[in-house]
Amino acid sequence: MRHDLEGFILAYVEAAGIAGEAKDTPLFCAGNGQTRKLSGNAMTSKRICELVKRRLKDARLSPHSFRVTAITDLLTQGIPLEDVQYLAGHAEPRTTGLYDRRQKKVTRNIVERISI
């Protein structure tokens, strides 16, 4: 887990105004479509997944794009391939290498070669 994740969650809790609430207070509350206000009831995990998928689609991203970005970023930082492979859960380093986009830069030269 990222060492700074707790800070992000605490900042969200503070901004959401639930910092002083009981420990069993839901982190993400469901909304009421008619009043457009939070209901106080916890969002289901299914609903959270639907929301994230919809936002990813709107941004033209996929969960896979996050995986590619994370692996490429770690390799760019100089993290050994074996460590990134372990983190990604890949059995073979070759699989992890398929996610490496460090050398996959699109240049104007490449774009100009596309025949129209």
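Ser65 is partly exposed, at a relative accessible area of 22%; the term covers values between buried (under 20%) and exposed (over 50%), with a 1.4 Å probe and protein chains only. The model is predicted, so that local features need pLDDT of at least 70 and side-chain atom pairs count only at pLDDT 80 or more, whereas totals for chains, interfaces and linings use all residues. Residues are numbered from 1 along each chain as its sequence is written, and side-chain values use heavy atoms, without hydrogens and water.

Ser65 belongs to helix α3, residues 63-76 (helices are DSSP runs of H or I with at least four residues, numbered from the N terminus). A polar atom of the Ser65 side chain lies 2.5 Å from the backbone oxygen of Ser62. Between Ser65 and Tyr99 the C-alpha to C-alpha distance is 9.4 Å, at a separation of 34 residues in sequence.

Tyr99 is a member of the largest nonpolar core, together with Val68, Ile71, Leu75, Val84 and Ala88. Such a core is a set of buried Ala, Val, Leu, Ile, Met, Phe, Trp, Tyr and Cys residues joined through side-chain atoms within 4.5 Å. Helices α3 and α4 (81-88) each supply at least two residues of this core, and the largest share, three residues, comes from α3. Beyond its neighbours within four places in sequence, Tyr99 is in contact (heavy atoms within 4.5 Å) with His64, Arg67, Val68, Ile71, Thr72 and His90.

Phe8 is located in helix α1, residues 5-15.

Methods
A polar contact is a pair of N or O atoms within 3.5 Å; within protein, one must be able to donate a hydrogen and the other to accept it, and residues adjacent in sequence count only if both atoms are side-chain atoms.
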